[in-house]
Amino acid sequence: AWRPAGTIRIATYNASLNRDSAGALQRDLSTPGNPQATRIARVLRQVRPDVLLLNEFDFDPAGESARLFARHYLEADD
């Protein structure tokens, strides 16, 4: 989407990508096809923020869940 020069788009999104057990989100995001993650990624790819605060996304110290979400969903062409 076109933006005037020098503008920055900042977004916050309540993803609700939180799970009840440790490692569950990593398992859900380890392959493409999770319906919830797919819907969220489609919105984010359409909005294309320069800065994004993703809320309710399970924490893992190594950041693997975020990498999996980026690889399998945000970078996807679906």
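Which helix holds both Arg-67 and Glu-64, and how many residues apart are they? Both lie in helix H3, three residues apart, which is about one turn of the helix. The model on screen is a predicted one, and the tour returns to this pair at its last stop.

**Whole chain**

Start with the protein chain in cartoon view. The C-alpha trace spans about 45 × 25 × 20 Å along its principal axes. Of the 78 residues, 26% are buried. Among contacts with a separation of 6 or more, 79% are between residues 24 or more positions apart. Switch to a surface view: the chain exposes about 5,300 Å², and 54% of that comes from carbon and sulfur atoms.

**Helices H2 and H3**

Next, select residues 35–47 for helix H2 and residues 64–74 for helix H3. The two axes come within 10 Å and cross at roughly 75°. Angles of 65 to 115 degrees count as roughly perpendicular, and H2 and H3 are therefore described that way. Now show side chains where the two helices meet. From H2, display Ala-37, Thr-38, Ile-40, Ala-41, Leu-44 and Arg-45. On the H3 side, the residues they meet are Phe-69, Tyr-73 and Leu-74.

Move to strand S1, residues 10–17, where Ile-10 is found. Is Ile-10 buried or exposed? Its relative accessibility is 64%, so Ile-10 counts as exposed, the cut-off for that class being over 50%.

**Salt bridges**

The count of salt bridges is two. For one of them, select Arg-19 and Asp-28, whose closest N and O atoms are 2.6 Å apart. Asp-28 has 29% relative accessibility and so counts as partly exposed.

For the other, go back to helix H3 and select Glu-64 and Arg-67. Their side chains meet in a salt bridge with an N to O distance of 3.3 Å. How accessible are the two partners? Arg-67 is partly exposed at 42% relative accessibility, and Glu-64 is also partly exposed, with a relative accessible area of 26%.

Notes
Residues are numbered from 1 along each chain as its sequence is written. This is a predicted model: local features need pLDDT of at least 70, side-chain atom pairs count only at pLDDT 80 or more; totals for chains, interfaces and linings use all residues. Side-chain values use heavy atoms; hydrogens and water are left out. Helices (H or I, at least four residues) and strands (E, at least two) are DSSP runs, numbered from the N terminus. Buried means under 20% relative accessible area, exposed over 50%, partly exposed in between (1.4 Å probe, protein chains only). Axes are lines fitted to C-alpha atoms, for helices over the stretch in contact, and angles run from 0 to 180 degrees between N-to-C directions. Angles under 35 degrees count as roughly parallel, over 145 as roughly antiparallel, 65 to 115 as roughly perpendicular and the rest as oblique. Contact means heavy atoms within 4.5 Å. Accessible areas come from the Shrake-Rupley method with a 1.4 Å probe; for residues, only the protein chains shown count as cover. A salt bridge is a side-chain nitrogen of Lys or Arg within 4 Å of a carboxyl oxygen of Asp or Glu.
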